[in-house]
Amino acid sequence: MLLGDLPPAFLLGLAAVLGLLFGSFSNVVIYRLPRGENVAFPASHCTACNQPIAPYDNLPVLSFLLLRGRARCCKAKISWRYPVVELLGCLWALAVMRLLVLELPAEEPLWRAAALFVLYFALGLGLLCAIFIDLDYMILPDPLTLGGAALGLVTASLRGLGFVPALLGAAIGFGVVWLLFVEGYRRLRGYPGMGLGDAKLLLLTGAWFGWQGVLFALLAGSLLGTLLAIVVYVTRGQLPEPQGVIAEREELMAELASLEGPERAELEAELARDPLFAAPQTGLARARLAFGPFLSVATMAYALIGPELVTAYLQLGMS
Ligand SMILES: [Zn+2]
């Protein structure tokens, strides 16, 4: 069977439904992965009162609207982020189908078109989870970054990149960030400019898109992050800290208060070395900003329209 045998409208409809369903699953991953819970079991339950959620109350976007944003069991408010993540999953699936799959020639074998859809769909969902987890906790879980990188490496030939360019891209992605922004920056200024998680994320970008993708993600990600930081700083006066970071600092402060003598001095010295636990900084230059979301968005953009963006940029430079 060939790709051209199926009508595009059917494929787009299928993508929309899959996007909503797996967007809903992404919400589960975003909630459970940083808490160390199993993402597949048990079935969804209310995060406020722990009651199981009936399937008819667990429909993507629709249930949120029908229930007017409140849980049926205990009337607890449901975060607006749930329907937003579901819609983003839907948009991503539609974009992958339209820009990557339906651009393939009609003679493309259906199995390969389907495989490419599944791969890029999974990549975007993984990055979507990484974005929201990093915003909340300033961590990028290894199952998402390293797992995604492994998927990129083993499918490089199928995707037309080639295994060697993928391996090289992964090494460059990790190496550049680690050398310049983690180790180099730390030696220069006493604290790292990016985390090891960011290096692992660019390992993923390199495994999927080679060194060109790494370069693009670093440049576009920095530009995006800087612009957004300036906008937030100008409008609000300071950059907000992630909830998870604030909670963790308070927890450690409580622990510190309960300790005495050499144990206390040891923990104090340890905290002094960790920029995340120093008192909040309000200056823009030292503001802490999760960089993962911007790298992830840039990687997603590169997946959809990377070659076109690079060509347009080069033409801009030559004219
Ligand atoms: Zn409840």
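Where does Ala40 lie? Ala40 sits in the loop between α1 and α2, where helices are DSSP runs of H or I with at least four residues, strands are runs of E with at least two, and both are numbered from the N terminus. Before I go on, let me say that what we have here is a predicted model, in which local features need pLDDT of at least 70 and side-chain atom pairs count only at pLDDT 80 or more, while totals for chains, interfaces and linings use all residues. Residues are numbered from 1 along each chain as its sequence is written, and side-chain values use heavy atoms, with hydrogens and water left out.

Ala40 and Phe25 are 15 residues apart in sequence, and their C-alpha atoms are 9.1 Å apart in space.

Val61, in the loop between α1 and α2, has a positive phi of about 60 degrees although it is not a glycine. Are these two residues buried or exposed? Asn50 counts as exposed, because its relative accessibility is 55%, whereas Val61, at 16% relative accessibility, counts as buried.

Now to the helix packing. How do α7 and α10 cross? The axes of helix α7, residues 196-236, and helix α10, residues 292-318, come within 6 Å and cross at roughly 110 degrees; here axes are lines fitted to C-alpha atoms, for helices over the stretch in contact, and angles run from 0 to 180 degrees between N-to-C directions. The two helices, α7 and α10, are therefore roughly perpendicular to each other, given that angles under 35 degrees count as roughly parallel, over 145 as roughly antiparallel, 65 to 115 as roughly perpendicular and the rest as oblique. By class, the contact of α7 with α10 has 17 nonpolar, eight polar and one charged residues, with Ala, Val, Leu, Ile, Met, Phe, Trp, Tyr, Cys and Pro taken as nonpolar, Asp, Glu, Lys and Arg as charged, and the others, Gly among them, as polar.

Helix α7 has another partner to mention, namely α5, residues 142-154, which packs with α7 at an angle of about 20 degrees, the axes being 7 Å apart. That makes α5 roughly parallel to α7. As for handedness, the crossing of α7 and α10 is right-handed, while α5 passes α7 in a left-handed crossing; a crossing is left-handed if the near helix is turned anticlockwise from the far one by less than a right angle, and right-handed if clockwise.

Next, the cysteines. How many disulfides does a search of the whole structure find? The search finds zero, a disulfide being a pair of cysteine sulfur atoms within 2.5 Å. Cys90 is in no disulfide, and the nearest cysteine sulfur, that of Cys129, is 16 Å away. Cys90 is buried, with a relative accessible area of 12%, and Cys129 is buried at 3%.

Finally, some longer distances. The protein is divided into domain 1, residues 1-108, and domain 2, residues 243-277, with bounds that come from an automatic or database domain assignment, and the C-alpha centres of domain 1 and domain 2 lie 39 Å apart. Leu3, in the segment before α1, is buried at 5% relative accessibility; Leu3 and Ala199 are 196 residues apart in sequence and 37 Å apart from C-alpha to C-alpha. Ala95, in helix α3, residues 81-101, is buried at 17%, and Ala95 and Cys73 are 22 residues apart in sequence and 36 Å apart in space, C-alpha to C-alpha.

Conventions: Buried means under 20% relative accessible area, exposed over 50%, partly exposed in between (1.4 Å probe, protein chains only).
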